[in-house]
Amino acid sequence: MLPRLIPAALCGLAFAGAAAQTPPQTVDLSKFPATAVDEVVVPVPSEVFNVLDKLGSPNWKGEMRDSLGTNTGNRAQVALLLGTVIAEGFVAVEAEDSQRVKEIGQEVLVLADAINVRKAVIARSKSVIEKADAKNWRAVRSELDGALQDVRAAMQELGDEDLAQLVSLGGWIRGTEVLTSIVSKNYTPDGAELLNQPELVAYFSRRIEEMRSSRLRKEELVAKVRKLLRDIRPLIAKGSIPVSNVQKINKLTGDMVTVITSGQE
Amino acid sequence: MKTLKILFVLALAVAGLSAVWAAVDDALSFAHESALPFVKQGYIIREDAWGGDLGVKDQQAVTAQLFKGNDYWFCLGTDTKGAVVTVHVYDSNGKLAEVESYQRPGKAGSGAYFAGARVIPQKTGTYYAIVTVEKSPAERTNWALVYGYK
């Protein structure tokens, strides 16, 4: 938690604001100095799945992947894979498949071990398994959100901010694949609107561009993720997102998930 | 700029960073206290938080991706005695997006002050939770923000 507080603490620079206790109906955001605007907050997967719950009853079992993927030992791949596995946990929760959720709880531990953050997720993993046994799905979701945050926080503590970002990206890519699959099968403009995330995509792109490790930034897998984000951006430009774009995003993210989980570059 | 930041970080460390964090932690615990009534209403409060310190009339915008279909509460807390802080949420066009808000002092003697804003997004997109220190006896006022959804 504390690392997220640092930028805001440093960026709390003077801005002569006009807001009073009765707020103005409009503000000119362009007049905000950049230092007074924090980077976009990455939503936790539960926020998206919470909305998906309200979009009818998709065939969640049909959305589950057969394999959780292969760990190649490459740290970038493991970080992305860990993100996809956690996102898979949410799909398994929606499908109310406790056996699958338990497998995912174990796999999270294995992958976290591969990138030296096992200790940070032991309790979460155990809790995911216990709560899946009890079929307490709301609690499982909360633990999966927590696992993602704990992994990120542990990586940041280790100075692996770049890898932490890849975990988030892996989760976002798999989550977006599922979201677009569901929306394209029963298209509504409201459902497609969930993809209206231009600032978030821009943020992820910036984080890759600004990776401290140039070696990591130039890795083929990371380059593919960067290209994916670049390809998605025009498809979610402002306005209504047509079914054709939803399908394109589904193909792009699905292909990327295949690359991540197969470990093939 | 990068050098300045590094120097600033070092200066903070020398000046007693732990004390700064202790103060922000107090603000954070008040932000969670501010959110408590909403937990009882079924809102899930995210485990991470945002915060820092601001001068009087300074503002900080926390940028968030919100989804139509969810219902959000942004809850702010400060531990600076006598300070009045607000949080209001705007959409990407700069239009006030909240459906209700509150500002109130914490328990007598606690020094806490709470504020909150509820958003039921009409559109999925980027929103800005703008934190303002309206008044304060202190040069810098600690603040912390959490948000929940259902």
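Buried means under 20% relative accessible area, exposed means over 50%, and partly exposed lies in between (1.4 Å probe, protein chains only). The model is predicted, so that local features need pLDDT of at least 70 and side-chain atom pairs count only at pLDDT 80 or more, whereas totals for chains, interfaces and linings use all residues. Residues are numbered from 1 along each chain as its sequence is written, chains are lettered from A, and side-chain values use heavy atoms, with hydrogens and water left out.

**View 1. A salt bridge between R140(B) and D53(B)**. The closest N and O atoms of R140(B) and D53(B) are 2.6 Å apart, a salt bridge being a side-chain nitrogen of Lys or Arg within 4 Å of a carboxyl oxygen of Asp or Glu. R140(B) sits in the loop between β8 (125-135) and β9 (141-149), and D53(B) in strand β2 (residues 50-54), 87 residues apart in chain B; strands are DSSP runs (E, at least two residues) and helices likewise (H or I, at least four), numbered from the N terminus. R140(B) is partly exposed at 35%, while D53(B) is buried at 16%.

**View 2. A salt bridge between K68(B) and D190(A)**. The N to O distance is 3.0 Å. Because K68(B) lies in the loop between β3 (59-66) and β4 (72-78) of chain B and D190(A) in helix α9 (residues 189-192) of chain A, the pair joins two chains. K68(B) is partly exposed at 27% relative accessibility, and D190(A) is partly exposed at 44%.

**View 3. A network of salt bridges**. R124(A), K131(A), E143(A), D150(A) and E47(B) are linked in this network.
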